[in-house]
Amino acid sequence: MGDFSQGVFECFSDLPLCLASFLCASCQYGTNMETLNDPEWILGNSCPLNCVVCCITHSIWVFRFPVGGAFTMFSRQRIRKHYNLAAPTESLLWDCLLGACCVCCTVHQEAKQIGAPIFLFGGMADGGGGKKADDGGSS
């Protein structure tokens with residue numbers, strides 16, 4: 001069991017998802033969390049709620065590193081737990097830095113791991129009817 005199936009900077013492997021993650025990372029993040037369908041996630045599985053919280057924590061520069069980074073770190077740890085992914089030793093710090101500096105890339109990587117639809121085509125656009133993640137295992 002390794003870490004995520006795709007590297008964090010391999011965004012161009014799926015151009016439509018890359019573009020969606022770049023144009024509105026918060027919307028794609030909301031779709032990711034809705035698709036993950038993790039009953040233990042603190043914000044629940046509401047796509048709009050996750051989207052708004054992600055937008056607030058990553059848009060206000062003062063919050064970006066301490067809050068946005070921590071928010072990303074916790075959600076990436078939930079994904080690792082859900083899929084039984086081995087976390088590298090430095091993953092907490094790395095996830096926090098990625099969340100503060102490269103949120104578009106992390107959202108793309110998470111969407112690929114979870115199998116989340118692009119928010120415009122399968123998430124918020126149809127009222128949150130994207131497919132749900134399975135109960136772990138490999139994707």
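**Charged pairs and their burial**

Author: Arg 80 is buried, its relative accessible area being 3%, where buried means under 20% relative accessible area, exposed over 50% and partly exposed in between (1.4 Å probe, protein chains only). The model is predicted, so that local features need pLDDT of at least 70 and side-chain atom pairs count only at pLDDT 80 or more, whereas totals for chains, interfaces and linings use all residues. Residues are numbered from 1 along each chain as its sequence is written, and side-chain values use heavy atoms, with hydrogens and water left out.

Reader: How many salt bridges does the rule give?

Author: A salt bridge is taken as a side-chain nitrogen of Lys or Arg within 4 Å of a carboxyl oxygen of Asp or Glu. By this rule the count is six.

Reader: What is the N to O distance between Arg 80 and Asp 3?

Author: Asp 3 is partly exposed, with a relative accessible area of 29%. The side chains of Asp 3 and Arg 80 form a salt bridge, with an N to O distance of 2.7 Å.

Reader: Is Asp 95, by its relative accessibility, buried or exposed?

Author: Asp 95 also forms a salt bridge with Arg 80, their closest N and O atoms lying 2.5 Å apart. Because its relative accessibility is 0%, Asp 95 counts as buried.

Reader: Which residues are linked with Arg 80 in a network of salt bridges?

Author: Arg 80 pairs with Asp 3 and with Asp 95. The network that contains Arg 80 also links Asp 3, Arg 76, Asp 95 and Glu 110.
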